[in-house]
Amino acid sequence: TPEVLEGDFRRIGERIPYVAICHLLTGEKRYSECAINTMLAITACEHWGNNRDIEAAHLLYGLALGYDWLYDAMTPEQRHAVRRELVAHILLIDGESRQAGWGRRPLNRVWNFAPGIMSAMGLCVLAVEGETLLGEHMLLFDARRYLRDYLTLGIDRDGCGHEGPNYLAYGLDSACYFMTALRDSGRGDLLLETNLQLTPPWLVTETLPGGGRWNNLSDCSHGQ
């Protein structure tokens, strides 16, 4: 329902890759059945929060990875149900990226939810690549460009993420999967092409005296 908390949505989506990888590693059917049942339950939900924000991104990247990793374990009907949902949200997020304030201009893309949403969309496109009539090359180009803008404009040449490490990690959850998939499919390595590679030493230098806490900057708390 719309009242489900954002954190609850996120945990549901995050669970799928972990269960799916258990099936790939062990071959045990109970893991594939669990992941597929979760995916089908998601496709049956009418509301994913507002359907286009960070909670939807976590559900989407879980669906995309589950669809790809468990493709052979699903029936044609199950694949169709998941693929239909992936395509619907690809179109929804692509439209939002051209109209909403977070996507219209590069400097609007430096907030954590933008790379999360667009990376999730990119993973969806990769998952269904070759199975749809979408403009897949254009969609992948846009998703990669949005993520590149964040990793170049939202992280400076010192490796400093302007929102601090908590929100940097928050926004890059699905992005890590997307960057890996792009690299493995020969579409470039955004880790090496952007300022993200400078972030680990920056995190070390931003450790506050005595250790255990980060200088979280911007709108982050100082709780970690």
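**Rings and charges, a quick tour**

Okay, let's start with Y67, which is buried, at a relative accessible area of 0%. By buried I mean under 20% relative accessible area, with exposed being over 50% and partly exposed in between, using a 1.4 Å probe and protein chains only. Before I go on: this is a predicted model, where local features need pLDDT of at least 70 and side-chain atom pairs count only at pLDDT 80 or more, while totals for chains, interfaces and linings use all residues. Residues are numbered from 1 along each chain as its sequence is written, and side-chain values use heavy atoms, with hydrogens and water left out.

So, the rings. How many aromatic pairs does the structure hold? Two. Here rings of Phe, Tyr and Trp (its six-membered ring) pair if their centres lie within 6.5 Å, and planes under 30 degrees apart are stacked, over 60 edge-to-face, and the rest tilted.

Y61 and Y177 make a tilted pair, with 5.2 Å from centre to centre and 35° between the planes. Y61 sits in helix α3 (residues 54-69) and Y177 in helix α8 (residues 173-184), so this pair ties together parts that are 116 residues apart in sequence. Helices, by the way, are DSSP runs (H or I, at least four residues), as are strands (E, at least two), numbered from the N terminus. Y61 is buried at 2% relative accessible area, whereas Y177 is partly exposed at 25%.

The other pair brings back Y67, this time with Y71: ring centres 5.4 Å apart and planes at 85°, so we call it edge-to-face. Y71 is partly exposed, with 28% relative accessible area.

Which charged residue sits over the ring of Y71? That would be R79, whose charged end is 4.2 Å from the ring centre. The criterion is NZ of Lys or CZ of Arg within 6 Å of the ring centre and within 35 degrees of the ring normal.

On to salt bridges: we have ten of them in the structure. The cut-off is a side-chain nitrogen of Lys or Arg within 4 Å of a carboxyl oxygen of Asp or Glu.

Have a look at helix α6. D142 and R145 are bridged at 3.0 Å, N to O. They are three residues apart in that helix, which means about one helical turn between D142 and R145. D142 is buried at 7%, while R145 is partly exposed at 22%.

E193 is partly exposed, at 47% relative accessible area.

One more bridge: R148 and D149, at 3.1 Å, N to O. R148 or D149, which one is buried? D149, at 8%, whereas R148 counts as partly exposed at 35%.

Last stop, a glycine. G164 is in the loop between α6 (136-154) and α7 (165-171). Is that glycine buried or exposed? G164 is buried, because its relative accessibility is 0%. From G164 to L203 the C-alpha to C-alpha distance is 9.2 Å, though they are 39 residues apart in sequence.

That's my tour, thanks.
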